Amino acid sequence: MAPKYAPNLRSRLAPLLLFLQTGFIVICFSNINLKDSQLLGYPLSEFQDVNVMVVAGFGFLGTFLVRYGFSGSGFNLLVAVIATQWSIILNGYESWIQSRRILIDLKSLVFTNPVQLILIAILEVSGFILNGWLLQTFFEVKPLYCAMQLHTFGAFFGLMLTWVMRRKGSETPFEKEKMDHKTGLFSMFGTLFLWMFWASLNSILVDEGERKLRIILSTYLALAVSAVAAAAVSVFTSPRGRINLDHIQKCSLSGGVAIGVSMSLVHRPWVAMTIGLAAGVISTLSLRYLKGHMLLAFGCHDTCGVLSVHGLPGLLGWLAHLTLQINHMVDRTTAIRFAVFHICTLLITLSLSMSMGVITGLLVKWSFWRPPQDRKCFDDQAFWEVSNQHS
C-alpha cells in the first residue's frame with residue numbers, strides 16, 4: 001500500500017545528488033587519469049549519435065503518457081548522467097556506451113520517485129558490469145558480445161524489479177496510464193531519433209573497416225524490416241484493422257535489438273532481414289497480447305513494453321547467434337560444446353539480472369524512500385513544479 005503523504009524531494013533528492021556528485025569528483029580526482037593518446041581514433045561522431053539517442057531519443061520516447069512528460073524526459077537525463085559517471089568509475093571511460101543504454105528498463109518504474117530511480121540505476125550499472133566481468137573472466141567472452149547482452153540484462157532486471165515493487169490493486173491499468181494525440185506525437189519523435197542512430201549504437205565498439213560497414217548495413221535492414229512487420233502485425237491484430245501507434249513507436253526498434261546480439265555472425269542481407277522480420281512479429285504480438293496478461297497475472301506494469309521490445313528480441317538475437325555459429329561449424333562435438341557454452345552465458349546473464357532485480361526491488365521498496373501515492377503515479381505533479389493549466 002502506498003504511503004498517504006506527498007513526497008518531499010528536498011530532504012532526500014538534493015542531498016543524494018550532491019553526495020554522489022561530490023563523491024564522483026573525489027574518486028575521479030584521485031584515481032582516473034585520461035591521456036590524450038588514449039583518445040586517438042575514438043569514434044567521436046558515433047559518440048554524438050549515441051548521445052542524441054540517449055538524451056533526445058529516450059527522452060522524447062518517455063513523454064507518451066498524458067501527465068508524465070516532465071518526468072519521462074527529465075528523469076531520463078538525470079539518470080543518464082549519473083549512470084554514465086558511475087560506469088566510468090567502475091569500468092573505465094570505455095564503458096560509457098554501456099551505461100548510456102541502461103535506461104531501457106527504467107521507463108516502466110512508475111511506482112518510484114527520482115531518489116529510487118537513481119539508486120536503481122547505480123545498482124543496475126553495477127550488476128551489468130559484474131555480469132560482463134564474469135563472462136569475460138570465466139568464459140573468455142568477447143567484450144562486444146558482453147555489451148550486447150545489455151538488452152536482455154536490462155529487460156529482465158526491470159521485469160523482476162517491477163514485480164517486486166507491485167502494489168495491492170495494481171493488477172489493472174491506472175487512469176493516467178494512457179497516451180493522447182499530442183504526447184503520442186512527441187514520443188514518436190523519440191522513436192525516429194532512436195531508429196536513425198541505432199546503427200551507430202551497434203557499430204560503435206567495432207573497429208573501422210569492412211566489418212563495421214557490414215554491421216551498419218545489417219542493422220539498417222533489420223530495423224527496416226521490423227518496422228514493416230510491426231505495421232503489418234498491428235493491422236492484422238487490430239479489431240478495426242488499423243495501425244496502433246504504440247506498436248510503431250516501440251516494435252520498429254526490435255530489429256535493431258535482435259541484430260545487435262547476433263551481428264558478428266550476420267554476413268548476408270537476407271539473414272539480417274529475416275532476424276528483423278521475426279523480431280518485429282514477436283515484439284508486436286507480445287505487446288498486443290502478453291503485456292495485458294502480465295499485468296493481470298503478476299501485477300507488472302511494463303508501461304513501455306520493455307520485455308516485448310528488448311527482452312524477447314534480445315533472446316531472439318541470442319538464438320540467432322547460436323544457430324548461425326553452429327551452422328558454420330563442421331565438427332559436431334565442437335558445435336555441442338559451443339551450444340553448452342552459449343547457453344551457460346545466457347543463464348548467467350538471466351540469473352544475475354533477475355537476482356539483482358529482486359535485490360534492488362527489496363531495497364528500494366522500503367517506505368523510507370517515500371514512493372508516490374497511487375493517485376500520483378504517472379503524474380508530474382508529484383515531483384515537478386507545474387502550471388495550473390497543466391494540472
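Predicted model: local features only at pLDDT ≥ 70, side-chain atom pairs only at ≥ 80, totals over all residues.
**Helix 2.** Select residues 44–61, which form helix 2. With its 18 residues, helix 2 reaches 24 Å from its first C-alpha to its last, close to the 26 Å expected at 1.5 Å a residue. Centre the view on Met53, where helix 2 bends by about 30 degrees. Met53 is also among the buried residues of helix 2, a set that includes Glu46, Asp49, Val50, Val54 and Phe58. While the helix is on screen, recall that an α-helix has 3.6 residues a turn, so residues three or four places apart point the same way.

**The whole chain.** Zoom out and colour by secondary structure, and the chain shows 14 helices and 0 strands. Read along the sequence, the pattern is accordingly α-α-α-α-α-α-α-α-α-α-α-α-α-α. If you then colour by accessibility, buried residues make up 54% of the 391 residues in the chain.

Next select Trp86, which lies in helix 3, residues 69–91. Trp86 counts as buried because its relative accessible area is 19%, and the cut-off for that class is under 20%.

Now select residues 114–138, the 25 residues of helix 5, which reach 36 Å from the first C-alpha to the last, close to the 36 Å expected at 1.5 Å a residue. At the start of helix 5, a side-chain oxygen of Asn113 comes to within 3.1 Å of the backbone nitrogen of Val115. Move to the other end, where Glu140 sits in the loop between helix 5 and helix 6. The phi of Glu140 is near 55 degrees, a positive value in a residue other than glycine. Is Glu140 buried or exposed? Glu140 is exposed, with a relative accessible area of 68%.

**The second largest pocket.** From here, display the second largest pocket, which has a volume of about 370 Å³. Of the 20 residues that line this pocket, the closest to its centre are Val141, Lys142, Tyr145, Ser264 and His321. Helix 6, helix 9, helix 11, helix 13 and helix 14 are the elements that each give two or more residues to the lining, and the largest share, 4 residues, comes from helix 6. Coloured by residue class, the lining divides into 11 nonpolar, 5 polar and 4 charged residues.

**Thr237.** Follow helix 9 to Thr237, which has its place in that helix. Thr237 is buried, with a relative accessible area of 15%, and its side chain reaches the backbone oxygen of Val233 at 2.8 Å.

**Helix 14.** For the last stop, select residues 332–364, which are helix 14. The end C-alpha atoms of helix 14 are 48 Å apart, and this agrees with expectation because its 33 residues should span 48 Å at 1.5 Å a residue. At the start of helix 14, show the side chain of Asp331, one oxygen of which reaches to within 3.5 Å of the backbone nitrogen of Thr333.

Terms used. Residues numbered from 1 in each chain as written. Heavy atoms only, no water. 1 Å grid on protein atoms, 1.4 Å probe; cavity = no way out; pocket = protein on both sides within 12 Å on 5 of 7 lines; lining within 4 Å. Points joined across faces, edges and corners; volume = space filled by probe spheres on them. Nonpolar A, V, L, I, M, F, W, Y, C, P; charged D, E, K, R; others polar. Expected span 1.5 Å × (residues − 1). Bend = angle between axes of the 7 residues up to and from the residue. Buried < 20%, exposed > 50% of the residue type's maximum accessible area, 1.4 Å probe, protein only. Polar contact = N/O pair within 3.5 Å; in protein donor to acceptor, adjacent residues only side chain to side chain.
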